Each structure stands twice: as C-alpha cells, then as structure tokens.
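Please read this report with the sequence and the structure side by side, and look up each residue as it is named.

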Amino acid sequence: RVALLCETRPEWTYCDLAITLAGAVVVPIYPTSSPEECEWVVGNSGACAVICEDADQVAKIVTVRERLPDLRHIIVIDPSGDVADAIPLDTLRERGRGGDPAALQARTDAVGPDDPFTFIYTSGTTGPPKGCVLTHGNYRDVVSMCESNAVVLEGDVAYLFLPLAHSFALLIQLA
C-alpha cells in the first residue's frame with residue numbers, strides 16, 4: 001500500500017497509475033488532512049510509502065512518522081523547501097528506469113479482479129474514518145457502467161473540483 005497526499009494535479013494521476021501498474025494499492029489522503037488524520041490513514045492502511053506533494057505535506061508525515069512503524073519511504077513531488085529525507089519523485093523515476101520491465105509486467109499481470117485497487121477512507125460520524133476496500137473488478141465494473149451510460153464522452157473536458165482522494169473524482173478521471 002502506498003499513500004498519496006497531494007492536490008489534484010497531473011502527478012497525482014501519474015503516481016496513482018504507477019502504483020497500480022506495480023501491483024500495489026493506492027491509499028489516497030485528502031490534502032487538507034491534519035497530521036493526525038494522515039497518521040490514522042497511513043497507519044491503519046499499513047502503507048509502506050507516502051507520496052507527498054510538497055514540503056507542507058511532508059511536514060505532516062514527519063510530525064507523526066515515529067508512530068508509523070510500517071512507513072519506510074516518503075517521496076515528494078516538489079522537493080523545494082524542507083522535505084527532510086524525502087526522496088524526490090524525479091529520483092524515484094530514475095531508479096525505476098533501471099528496473100526490469102518483465103518483472104513489472106509480471107506484477108501487473110498478477111493482479112486480479114478480486115485484488116484491492118484502492119482504500120478510500122470515508123468521513124464518518126462515529127470515530128475515525130473507515131477504510132473502504134475497492135477491488136479492481138469493482139472499479140472496472142463502475143467505469144464500464146459510466147462508459148455504457150455515456151457519463152463521460154470522448155472529447156469531454158472535466159474540471160475536477162473534488163480532490164482525487166474522493167471516490168467520485170477518481171471515477172471520473174478513470175472514465
């Protein structure tokens with residue numbers, strides 16, 4: 001599981017697709033979340049990495065990092081400012097270029113419809129947010145339904161007001 005703590009921007013999508021293609025599970029975090037809310041989502045999901053947008057988002061994770069035993073890596077999209085020991089996304093991209101394409105393809109091919117695609121943490125009225133596990137098959141079926149009902153057509157332009165951490169914004173993007 002890899003958490004994604006970022007505003008809606010192209011890099012969110014690139015990271016989301018890269019995580020998925022690697023056979024991992026995306027765990028979106030609302031960019032407005034407090035450090036404690038980030039701690040809950042990262043810790044509860046068992047995320048081993050967090051991709052943060054910038055120094056402000058990295059600071060939230062650094063504040064609670066000592067209470068996240070599964071967290072091994074912080075990656076930052078915009079590495080300007082104090083990003084602690086976060087790995088710049090460009091550095092991660094370079095490391096990935098040296099990988100074995102066949103190994104990546106094997107990881108992608110190993111994912112089935114019943115495997116988790118994303119964990120969406122819902123806001124609730126009782127206690128901390130609950131992680132809703134959505135499978136690849138579930139999301140494929142919903143995207144297919146959107147396609148068959150012409151929810152989004154070729155050539156349409158969508159302005160996503162909702163953050164991509166929201167299930168509907170993610171659905172529209174995928175459709």
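Helix H2 is followed by Gly46, a residue whose phi is positive, near 75°. The model is predicted, and every value in this report should be read with that in mind.

Within helix H2, which covers residues 35-45, the buried residues are Cys38, Glu39, Val41, Val42 and Ser45. What do the buried residues of H2 pack against? Their partners are strand S1 (2-5), strand S2 (26-29), strand S3 (49-52), helix H3 (55-64) and strand S6 (116-122). An α-helix has 3.6 residues a turn, so residues three or four places apart point the same way.

Glu39, which is found in helix H2, deserves a separate look. Is Glu39 buried or exposed? Glu39 counts as buried because its relative accessibility is 17%, and the cut-off for buried is under 20%. When residues up to four places away in sequence are not counted, Glu39 touches Asn44, Val64, Arg67 and Leu68.

Strand S3, one of the elements against which the buried residues of H2 pack, has side chains that point in two directions: Ala49 and Ile51 point one way, Val50 and Cys52 point the other way, and all are buried. Strand S3 pairs with S1 in the parallel sense over four bridges, and here Ala49 of S3 is the bridge partner of Val2. Strand S3 also pairs in the parallel sense, over four bridges, with strand S4, which holds residues 73-76; in this pairing the bridge partner of Ile51 is Ile75.

Pro88 has its place in strand S5, residues 87-88, and it counts as partly exposed because its relative accessibility is 26%. The C-alpha atoms of Pro88 and Asn138 are separated by 33 Å, and the two residues are 50 residues apart along the chain.

In the loop between S4 and S5 lies Ala84, whose phi is near 50°, a positive value in a residue other than glycine. Ala150, in the loop between H6 and H7, likewise has a positive phi, near 55°, and is a residue other than glycine.

## Helices H6 and H7

Helix H6 (residues 136-148) packs with helix H7 (residues 167-174) at an angle of about 65°, and their axes are 10 Å apart. The crossing in which H6 passes H7 is right-handed. Which residues make this contact? From H6 come Tyr139, Val142, Val143 and Cys146, and from H7 come Ser167, Leu170, Leu171 and Leu174. Sorted by kind, the residues of this contact are seven nonpolar, one polar and no charged.

Two further residues of H6 can be followed in detail. Glu147 is found in this helix, and its side chain is joined to that of Arg140 by a polar contact of 3.1 Å. Glu147 and Ala175 are 28 residues apart along the chain, whereas their C-alpha atoms are separated by 6.8 Å. Ser148 lies in helix H6 as well, and a polar atom of its side chain lies 3.0 Å from the backbone oxygen of Met145. Between Ser148 and Ser123, which are 25 residues apart in sequence, the distance in space is 30 Å, C-alpha to C-alpha.

## Accessibility in several elements

Thr13, found in helix H1 (residues 10-21), is in contact with Leu164 and Gln173 when its neighbours within four places in sequence are left aside. The table sets the accessibility of Thr13 beside that of other residues discussed above.

| Residue | Relative accessible area | Class |
|---|---|---|
| Thr13 | 19% relative accessible area | Thr13 is buried |
| Ala84 | 48% relative accessible area | Ala84 is partly exposed |
| Glu147 | 46% relative accessibility | Glu147 is partly exposed |
| Ser148 | 58% relative accessible area | Ser148 is exposed |
| Ala150 | 40% relative accessible area | Ala150 is partly exposed |

Why does Ser148 belong to the exposed class? Ser148 is exposed because its relative accessible area is 58%, and the exposed class takes values over 50%.

Note on methods. Residues are numbered from 1 along each chain as its sequence is written. This is a predicted model: local features need pLDDT of at least 70, side-chain atom pairs count only at pLDDT 80 or more; totals for chains, interfaces and linings use all residues. Side-chain values use heavy atoms; hydrogens and water are left out. Axes are lines fitted to C-alpha atoms, for helices over the stretch in contact, and angles run from 0 to 180 degrees between N-to-C directions. A crossing is left-handed if the near helix is turned anticlockwise from the far one by less than a right angle, and right-handed if clockwise. Contact means heavy atoms within 4.5 Å. Ala, Val, Leu, Ile, Met, Phe, Trp, Tyr, Cys and Pro count as nonpolar, Asp, Glu, Lys and Arg as charged, and the others, Gly among them, as polar. Buried means under 20% relative accessible area, exposed over 50%, partly exposed in between (1.4 Å probe, protein chains only). A polar contact is a pair of N or O atoms within 3.5 Å; within protein, one must be able to donate a hydrogen and the other to accept it, and residues adjacent in sequence count only if both atoms are side-chain atoms. Two strands pair if DSSP finds at least two bridges between them.
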